[in-house]
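This report examines a single structure, shown below, together with its ligand. The sections that follow treat the ligand site, the sheet and the helices in turn.

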Amino acid sequence: MERQIGTTRLVVVRGDITRQPVEAIVNAANSSLLGGGGVDGAIHRAGGPTILAACQEIVARAGRLCAGQAVVTPGGNLAARWVVHTVGPIFRDGGHGEAEILASCYRTSLTAAAAVGARTLCFPSIATGAYRYPIEEAARIAVATVVAELPHHPFTEVRFCLFSDRDLVTYEMALAEGA
Ligand code: AR6
């Protein structure tokens, strides 16, 4: 499914983010930037040691990455030239700033990717796996935040890559309703 938002194509697909034909992909990392499970593990496995080395250098220089922030590393062996690493909120009850932190992940990732010159970018569903953010609300925040930010950036395509059919439908509904 896709919608045209100004000069940007906004696309929702099911698949493995490490195989998406885009210039930059976003990683749902943790504050250590040392890798983990889920999409983080998949990206490090597919991209190889270059990504981890770049993450270690960032942490040595700037410390752990706060939730809602984003940094860029090379993509190593990935087709994508860059990986944008962001840290989602660990969902507790919704009353601990989770929504604002999640929106910040999308905003800071777009800004970081645009800053290195990426014109095509792919997001996973940040925080809805191990961090347990409810998918319906997370999808609404993801779509609304990206749509609101697109006029400020020169992307030709931004996509959301979902790992399951259920997640795909949820994002398609958010895109149909919110864009
Ligand atoms: N491509 C696209 N989406 C994927 C892939 C993939 N290859 N693999 C998993 N997903 P999660 P979080 C989906 O847990 O909730 C890590 O250990 C998955 O189905 O990866 O932000 C980090 O190191 C889910 O819908 O990220 C952190 O410690 C979505 O990606 C922690 O998990 C996000 O699930 C971050 O948790």
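## Ligand site

A polar contact is a pair of N or O atoms within 3.5 Å. The model is predicted, and the distances below are to be read with that in mind. In the side chain of Asn-30, an N or O atom lies 2.7 Å from an oxygen atom of the ligand. The side chain of Asp-40 likewise places an N or O atom 2.7 Å from a ligand oxygen atom. Ala-130 contributes through its backbone, where an N or O atom is 2.8 Å from an oxygen atom of the ligand. On its own the ligand has 700 Å² of accessible area, of which the protein covers 88%.

The ligand is surrounded by 21 residues. Asn-30, Gly-37, Val-39, Asp-40 and Ala-130 are the closest.

## Sheet

Seven strands form an open sheet with mixed pairing, in the order β1-β2-β7-β6-β3-β5-β4. Its edge strands, β1 (2–5) and β4 (70–74), each pair on one side only. On average, and ignoring direction, neighbouring strands are turned by 25 degrees against each other.

Four bridges join β6 (residues 120–123) to β7 (residues 157–162) in the parallel sense. Cys-122 stands opposite Arg-159 in β7.

## Helices

Helix α2 lies across β4 and β5 (82–87), at about 135 degrees to β4. Helix α3 (residues 98–115) also packs on the sheet, touching β3 (24–29), β4, β5, β6 and β7. The direction of α3 makes about 155 degrees with that of β5.

The axes of α1 (residues 38–47) and α2 (residues 49–62) come within 6 Å and cross at roughly 115 degrees. Here Ile-43, His-44 and Gly-47 of α1 meet Pro-49, Ile-51, Leu-52 and Cys-55 of α2. Five of these contact residues are nonpolar, two are polar and none is charged.

Notes:
Residues are numbered from 1 along each chain as its sequence is written. This is a predicted model: local features need pLDDT of at least 70, side-chain atom pairs count only at pLDDT 80 or more; totals for chains, interfaces and linings use all residues. Side-chain values use heavy atoms; hydrogens and water are left out. Axes are lines fitted to C-alpha atoms, for helices over the stretch in contact, and angles run from 0 to 180 degrees between N-to-C directions. Helices (H or I, at least four residues) and strands (E, at least two) are DSSP runs, numbered from the N terminus. Contact means heavy atoms within 4.5 Å. Ala, Val, Leu, Ile, Met, Phe, Trp, Tyr, Cys and Pro count as nonpolar, Asp, Glu, Lys and Arg as charged, and the others, Gly among them, as polar. A residue is near a molecule or strand if one of its heavy atoms lies within 4 Å of it. A polar contact is a pair of N or O atoms within 3.5 Å; within protein, one must be able to donate a hydrogen and the other to accept it, and residues adjacent in sequence count only if both atoms are side-chain atoms. Accessible areas come from the Shrake-Rupley method with a 1.4 Å probe; for residues, only the protein chains shown count as cover. Two strands pair if DSSP finds at least two bridges between them.
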